[in-house]
Amino acid sequence: MSGLGLISTYSSDSEEDEVIKDSFDDKSEEVSKRLPLPGSIATWKGVPHHEEVNDDPSEHDGRIRSFKHERGNWATLVYIHYEPSDDLLSWMQSLLTELPMKCNIFSDQLHISITRSLILKFHWIDSFVEEIKKLCEQTKQFSLQLLNVRAYCNEDETRTFLGIECIDDKGTLDDFVKNLNVSLAEYELPPFYEDSSYHISFLWCLGNETATLNNLTASLTNKLNQYLAEYTEDRHIHLYVRSYLKSWSRSDHKTRTVRR
């Protein structure tokens, strides 16, 4: 039982209280009555009281949550925020008609992940965010180059993604991720993938469809290079890493780095 639960159901069973109960039988019901949970505690950030969450994949285009909702656990991701040009976004959308399976384009913000999906304890959040801020402040400007179209599958093999691989020739992002992994180890959290491939996922489908998509990535890469030859300004992402912290909500925590 949580500490809040103990507070809300508190009733003393000490010998002194037994004496009180024996001496004041007419007040026994009042003494044993549950103490109400103070409203100020029930409204603490990150401590929803008696909240039940039912995840229904049908409400999320068939997507299955990797981590179940659990009080005190907070799903977290560190990523680089990316805003494509209107032309590049149109090119991404055009691929929907060229794929043999039903795919969806990401309707929310595109990004480049630099951690796995992590589970933070609520009391870790502030110190974790401060460490990420320090890493961001120590990182100089760098650029990423859009290179290939590749297929990726999540660890549970419940979804497959089509993404654009990004290369950092100077290794600045690699150094950032190495330092980030050191911070993750302090919380006994897993590091980023050893064979990591920085990429912008822009399309997804259900299940493991990497075999099918891998047969198409060469032609899709050719199409990407044709596009980038015409729209050269989209080939590079120029980044100055600084900390941009989204408000913490119950189930969606992210530390973001943004492009200037």
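A salt bridge here is a side-chain nitrogen of Lys or Arg within 4 Å of a carboxyl oxygen of Asp or Glu. The close-ups below come from a predicted model. By this rule the model holds four salt bridges.

**View A. R150 and E165 join strand β5 to strand β6.**
The side chains of R150 and E165 meet in a salt bridge. Their N-to-O distance is 3.4 Å. R150 sits in strand β5 and E165 in strand β6. The two residues are 15 apart, and the pair links distant parts of the chain. R150 is partly exposed, because its relative accessibility is 34%. E165 has a relative accessible area of 12%, so it is buried.

**View B. R116 and E155 bridge two loops.**
Here the side chains of R116 and E155 form a salt bridge, with 3.1 Å from N to O. R116 belongs to the loop between β3 (110–113) and β4 (118–121). E155 belongs to the loop between β5 and β6. The pair therefore ties together parts that are 39 residues apart in sequence. E155 is exposed, at a relative accessible area of 59%.

**View C. K223 and E98 connect a helix with a loop.**
K223 makes a salt bridge with E98. The closest N and O atoms are 3.8 Å apart. K223 lies in helix α9, while E98 lies in the loop between α5 and β2 (104–105). How exposed is K223? K223 is partly exposed, with a relative accessible area of 32%. E98 is partly exposed as well, with a value of 39%.

**View D. Helix α5 has a buried face.**
Helix α5 covers residues 86–94. Its buried residues are L88, W91 and M92. Where do these residues fall when seen down the axis of α5? They fall within an arc of 100°, so they line one face of the helix.

**View E. Four acidic residues gather on the surface.**
D86, D87, E230 and E233 form a patch of negative charge. The patch lies on the surface. E233 is found in the loop between α9 (217–230) and β8 (236–239). Is E233 buried or exposed? E233 counts as exposed, because its relative accessibility is 53% and the cut-off for exposed is over 50%.

**View F. E157 has a positive phi in a loop between strands.**
E157 is not a glycine, yet its phi is positive, at about 60°. The residue lies in the loop between β5 (142–153) and β6 (159–167). E157 is partly exposed, with a relative accessible area of 48%.

E188 counts as exposed, because its relative accessibility is 76%.

**View H. N148 and N222 are 74 residues apart along the chain.**
Follow the C-alpha atoms in this view. Those of N148 and N222 are separated by 8.5 Å. N148 has its place in strand β5. N148 is partly exposed, with a relative accessible area of 25%.

**View I. A75 and K121 are 46 residues apart along the chain.**
The C-alpha atoms of A75 and K121 are separated by 9.1 Å. A75 is part of strand β1, which covers residues 73–82. At 25% relative accessibility, A75 counts as partly exposed.

Conventions: Residues numbered from 1 in each chain as written. Predicted model: local features only at pLDDT ≥ 70, side-chain atom pairs only at ≥ 80, totals over all residues. Heavy atoms only, no water. Patch = residues over 30% accessible without salt bridge, like charges linked within 9 Å, V, L, I, M, F, W, Y side chains within 5 Å. Areas by Shrake-Rupley, 256 points an atom, 1.4 Å probe, with all protein chains shown as cover. Lys, Arg positive; Asp, Glu negative; His and termini not counted. Charge placed at Lys NZ, Arg CZ, Asp CG, Glu CD. Helix = DSSP H or I, 4+ residues; strand = E, 2+ residues; numbered from the N terminus. Buried < 20%, exposed > 50% of the residue type's maximum accessible area, 1.4 Å probe, protein only. Arc of directions from axis to C-beta.
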